[in-house]
Amino acid sequence: SGFIVTSPDVIINFNGFAMIGNSTNAPTKIGVNVTRGNNVSVLNANISNFTYAIYFFNVSNSSISHSIFNATSVAIVLDNSSRNNIIFNNTIVTNDTTNAFGIIVMNFSIGNNITFNNINTTGNTARGIYVSSGVNDTTIKDNTIRTLRANAEGIRLDTRVLRTNITNNTITTFGDSSRGIYLFTDANSTIIENNTIHTNISFGI
């Protein structure tokens, strides 16, 4: 990993400087890896060529903002009960032959806010924003999302996801059987409001 953070109250301000990884070699590479942090800020970064640009594991009350991420697999991951984090005003590009994800929220993470991001994903079964099982109270608002290739999805809510607010997003999908917004089983109490979806031989919602 480029940076490893295990303490609270940390600010990582790249001031626009670039951090370039070498994701072609095993093991998995992470640009900024934060574990059990609180009040951590990552901003003004330009991170590229890592498997994961940012990985938050059990992180709360933190932010990722005003940055550019170009990852080979996933740009940003909120994992393991990460709570009340803000992902704001980032430019995200991911490109993989199969699974390319802009943002993943997973494993019982709660109350996270994803707003004003520009996300571009390329790859079969790519996802712009993926909210996995058991994640609650996520806000996805005012994002611009583009996906390219077959079976790609702009926003996907997996099974047993509660109280997601999807509002004012602009989503464009290109590819066979791709979807703008996809809700799997038991995605309950979901608000989908005032979104603009453009599709090419695919599904809006």
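User: What do buried, exposed and partly exposed mean here?

Analyst: Buried means under 20% relative accessible area, exposed means over 50%, and partly exposed is in between (1.4 Å probe, protein chains only). Phe 14 counts as buried because its relative accessibility is 10%. Before we go on: this is a predicted model, where local features need pLDDT of at least 70 and side-chain atom pairs count only at pLDDT 80 or more, while totals for chains, interfaces and linings use all residues. Residues are numbered from 1 along each chain as its sequence is written, and side-chain values use heavy atoms, with hydrogens and water left out.

User: Okay, how many aromatic pairs does a search of the whole structure find?

Analyst: First, the idea: rings of Phe, Tyr and Trp (its six-membered ring) pair if their centres lie within 6.5 Å; planes under 30 degrees apart are stacked, over 60 edge-to-face, and the rest tilted. Searching the whole structure turns up 5 such pairs. One of them is edge-to-face: the ring centres of Phe 3 and Phe 14 are 5.6 Å apart, with planes at 85°.

User: Which parts does that pair tie together?

Analyst: For strands, look for DSSP runs of E, at least two residues long, numbered from the N terminus. Phe 3 lies in strand β1 (residues 3-5) and Phe 14 in the loop between β2 (10-13) and β3 (18-20), so the pair ties together parts 11 residues apart in sequence. Phe 3 is partly exposed, at 35% relative accessibility.

Another pair is Phe 88 with Phe 116: centres 5.9 Å apart and planes at 80°, so edge-to-face again. Here Phe 88 is in strand β9 (residues 86-88) and Phe 116 in the loop between β12 (113-115) and β13 (118-122), so parts 28 residues apart in sequence are tied together. Phe 88 is partly exposed at 28%, and Phe 116 is partly exposed at 45%.

User: Where does the charged end of Arg 179 sit?

Analyst: A charge sits over a ring if NZ of Lys or CZ of Arg is within 6 Å of the ring centre and within 35 degrees of the ring normal. Arg 179 has its charged end over the ring of Tyr 182, 4.5 Å from the centre. Likewise, Arg 156 lies over the face of Phe 184, 5.4 Å from the ring centre.

User: And what is Asn 46 in contact with?

Analyst: Contact means heavy atoms within 4.5 Å. Leaving aside neighbours within four places in sequence, Asn 46 touches Gly 16, Phe 17, Ala 18, Met 19 and Ile 68. Asn 46 belongs to strand β6 (residues 46-57) and is partly exposed, at 27% relative accessible area.

Notes. Helices (H or I, at least four residues) and strands (E, at least two) are DSSP runs, numbered from the N terminus.
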